[in-house]
Amino acid sequence: MRQKENAPTAQGNESAPNNRAHYARLSPREARALTALVHAQDWITRETIDRVACASNGPAVVQALRHKLGGHDAIEMQRVPVIDADGKAARAGRYRLSD
């Protein structure tokens, strides 16, 4: 059986190897979190990421997204002072896509 030959190309334009960029696939949790971040008007709390992504560890979902989106700078994080359920001072995380 003969091997399939490359299609003819325009002169001076040799066929290049398939150099498609490698796109990381998102897990369903990551996809839900990213959709929420894209549609957010402002910051999204860690609790919202947990709820939207159906995850109990939103920061891990955000970390995985950062890795797949090209680095830590892809998603901003702030820790803001809050009062927790026991009346104690705490710092809650919130996220948004970088500009």
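Start by selecting Glu30 and showing its surroundings: leaving aside residues up to four places away in sequence, Glu30 touches Arg25, Val61, Ala64, Leu65 and Lys68. Keep in mind as you click around that this is a predicted model. Glu30 belongs to helix α1, residues 28–39. Is Glu30 buried or exposed? Its relative accessibility is 8%, and because the cut-off for buried is under 20%, Glu30 counts as buried.

Next, colour the strands. You'll find three of them in an open sheet, ordered β1-β3-β2, with antiparallel pairing. β1 and β2 are the edge strands, each with a single partner, so one side of each has no neighbour in the sheet. Now bring up helix α3, residues 58–69: this helix packs on the sheet and touches β2 and β3. The direction of α3 makes about 160° with that of β2.

Select residues 44–45 for β1 and 89–97 for β3; the two strands pair over two bridges, in the antiparallel sense. Here Ile44 sits opposite Tyr95 of β3, and Thr45 sits opposite Arg94 of β3.

Then move over to β2, residues 75–83, which pairs with β3 over nine bridges, again antiparallel. Pick Val80 and look across: Ala92 in β3 is opposite.

Last stop, the turn. The hairpin of β2 and β3 has five residues between the strands, and Gly87 there takes a positive phi near 80°.

Definitions and conventions
Residues numbered from 1 in each chain as written. Predicted model: local features only at pLDDT ≥ 70, side-chain atom pairs only at ≥ 80, totals over all residues. Heavy atoms only, no water. Pairing = 2+ DSSP bridges. Helix = DSSP H or I, 4+ residues; strand = E, 2+ residues; numbered from the N terminus. Buried < 20%, exposed > 50% of the residue type's maximum accessible area, 1.4 Å probe, protein only. Contact = heavy atoms within 4.5 Å. Axes fitted to C-alpha atoms, helices over the stretch in contact; angles between N-to-C directions.
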